Amino acid sequence: MSPPSKGDSPGTHGPGEPRAEVQTRWATDTLISIRDIRELFGLGRTAAYELTHRPGFPEPVKLSPRCYRWWASEVIAFTTDVRPRTAPSRRSREAGRAAHRPTPPNEPAPMRITGTIRVARSRKAS
């Protein structure tokens with residue numbers, strides 16, 4: 001195996017990934033930042049970083065010691081894999097909406113708890 005040339009940049013291709021495949025990937029795919037991931041998932045900063053450390057989330061590409069990016073196609077694939085499992089069902093969405101709707105005048109009022117109110121006993125001094 002030959003030593004890397006000056007044109008090679010560390011972190012641009014992984015072990016076992018052919019150089020031609022990496023070059024075509026650079027031409028067809030884009031790298032996205034944590035800000036793009038936050039917008040894609042609608043998350044805050046902390047939640048987005050927690051998401052990137054979850055099992056199954058794509059590995060980042062390290063551009064510098066403090067700069068990481070992710071392949072857009074891998075993140076999109078992860079999104080399509082996660083969303084069907086976490087999306088609420090239609091029934092639960094409708095139940096949530098119904099709980100916040102005012103009751104129509106022709107329906108009876110919801111049942112209420114009734115009874116006598118007692119004064120709470122005070123605690124005994126120790």
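Modeller: The structure holds three aromatic pairs. Rings of Phe, Tyr and Trp (its six-membered ring) pair if their centres lie within 6.5 Å; planes under 30 degrees apart count as stacked, over 60 as edge-to-face and the rest as tilted. The ring centres of phenylalanine 57 and phenylalanine 78 are 4.9 Å apart and their planes meet at 75°, so this pair is edge-to-face. The pair links distant parts of the chain, 21 residues apart: phenylalanine 57 is in the loop between helix 3 (45-52) and strand 2 (61-64), and phenylalanine 78 is in helix 4 (residues 72-86). Helices (H or I, at least four residues) and strands (E, at least two) are DSSP runs, numbered from the N terminus.

This is a predicted model, in which local features need pLDDT of at least 70 and side-chain atom pairs count only at pLDDT 80 or more, while totals for chains, interfaces and linings use all residues. Residues are numbered from 1 along each chain as its sequence is written, and side-chain values use heavy atoms, with hydrogens and water left out.

Biologist: Are phenylalanine 57 and phenylalanine 78 buried or exposed?

Modeller: Buried means under 20% relative accessible area, exposed over 50%, partly exposed in between (1.4 Å probe, protein chains only). Both phenylalanine 57 and phenylalanine 78 are buried. They also belong to one aromatic cluster with Phe41 and Trp70.

Biologist: Which residues make up the largest nonpolar core?

Modeller: Such a core is a set of buried Ala, Val, Leu, Ile, Met, Phe, Trp, Tyr and Cys residues joined through side-chain atoms within 4.5 Å. The largest one has 12 residues in all, including Phe41, Phe57, Trp70 and Phe78 as well as Ile34 and Val75. At least two residues of this core come from each of helix 2 (34-41), helix 3 and helix 4. Helix 4 gives the most, with four residues.

Biologist: How is the sheet read?

Modeller: Two strands pair if DSSP finds at least two bridges between them. Here an open sheet of three strands has the order 1-3-2, with antiparallel pairing. Strand 1 (31-32) and strand 2 are the edge strands, each pairing on one side only. Three bridges join strand 2 and strand 3 (residues 67-71) in the antiparallel sense. Valine 61 stands opposite arginine 69 in strand 3.

Biologist: What does the side chain of threonine 79 reach?

Modeller: Threonine 79 lies in helix 4 and is buried, with a relative accessible area of 6%. Its side chain reaches the backbone oxygen of valine 75 at 2.8 Å.

Definitions and conventions: Polar contact = N/O pair within 3.5 Å; in protein donor to acceptor, adjacent residues only side chain to side chain.
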